[in-house]
Amino acid sequence: MGAPPRATTAALPSLVWRFLIWACGTAALLTAMPPDYRAGAVMPLFAALLGLLAAAEPEGVWVLALEATTAGTWLVTTLAYGEDPSPFTASAIGSLLYVHHAMAALAAHVPVRARLPVPLLVAWAGRTGGVLAASAAVCAALVALVVLPGGPPPAVAVVLGAAGALAVAFALTR
């Protein structure tokens, strides 16, 4: 079998894809941190290093480590540090984590030197867009629930959102 025709391959090499994995993972972890942690040099460097490890070995444990660290950091930021769990921040972190995870899953099966086929990228973009749209709807529902009189406090919405993300992730793997 020969190489696929140029018309069916993207100009986006897998190495650039891995850079995007690093960028999404690092941005998600930095967004989840309290503002005073992002202001120093140590935590942004930690986020960049963990993002680099996840991008370098997308089939390994580093992707899970980055995503679990991000979710845990956001829960600590909102519950222990008392940061307001804004819907925008929740949506941004959730979206970045999902895109990071989906990109890493694709990169785990594509050699670094490979070009990504256009049909593969189109299918990936369609699935990712659908999940992000559904996630935005769930986030909007949680926001509407919190603002109701007698609704749950924002900290409970954070826990409900995390549980909902885990449920969606579990459902997507089945």
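A nonpolar core is a set of buried Ala, Val, Leu, Ile, Met, Phe, Trp, Tyr and Cys residues joined through side-chain atoms within 4.5 Å. Keep that in mind for the exercises below, which use a predicted model.

**Exercise 1.** Find the largest nonpolar core and say which element gives the most to this core.

*Solution.* Start with the size: the largest nonpolar core has 19 residues. Next, look for the residues with the most contacts inside it, which are Trp17, Ile21, Met103, Leu106 and Trp124. Then turn to the helices: α1 (14-32), α3 (42-56), α5 (87-107) and α6 each give two or more residues to this core. With seven residues, α5 gives the most. Finally, a second, separate core of 11 residues can be found, including Leu29, Ala47, Leu66 and Leu97.

**Exercise 2.** Work out how α6 and α7 are arranged relative to each other.

*Solution.* First take the axes of helix α6 (residues 118-147) and helix α7 (residues 154-173): they come within 11 Å and cross at roughly 155°. Angles over 145 degrees count as roughly antiparallel, so α6 and α7 are roughly antiparallel to each other. Now list who makes the contact: Arg127, Val131, Leu142, Leu145 and Val146 come from α6, and Pro154, Ala157, Leu160, Gly161 and Leu172 from α7. As for handedness, the crossing of α6 and α7 is right-handed.

**Exercise 3.** Is Leu20 buried or partly exposed?

*Solution.* Locate Leu20 in helix α1. Its relative accessible area is 31%. Buried means under 20%, so Leu20 is partly exposed.

Methods: Residues numbered from 1 in each chain as written. Predicted model: local features only at pLDDT ≥ 70, side-chain atom pairs only at ≥ 80, totals over all residues. Heavy atoms only, no water. Axes fitted to C-alpha atoms, helices over the stretch in contact; angles between N-to-C directions. Helix = DSSP H or I, 4+ residues; strand = E, 2+ residues; numbered from the N terminus. Parallel < 35°, antiparallel > 145°, perpendicular 65-115°, else oblique. Left-handed = near helix turned anticlockwise from the far one by under 90°. Contact = heavy atoms within 4.5 Å. Buried < 20%, exposed > 50% of the residue type's maximum accessible area, 1.4 Å probe, protein only.
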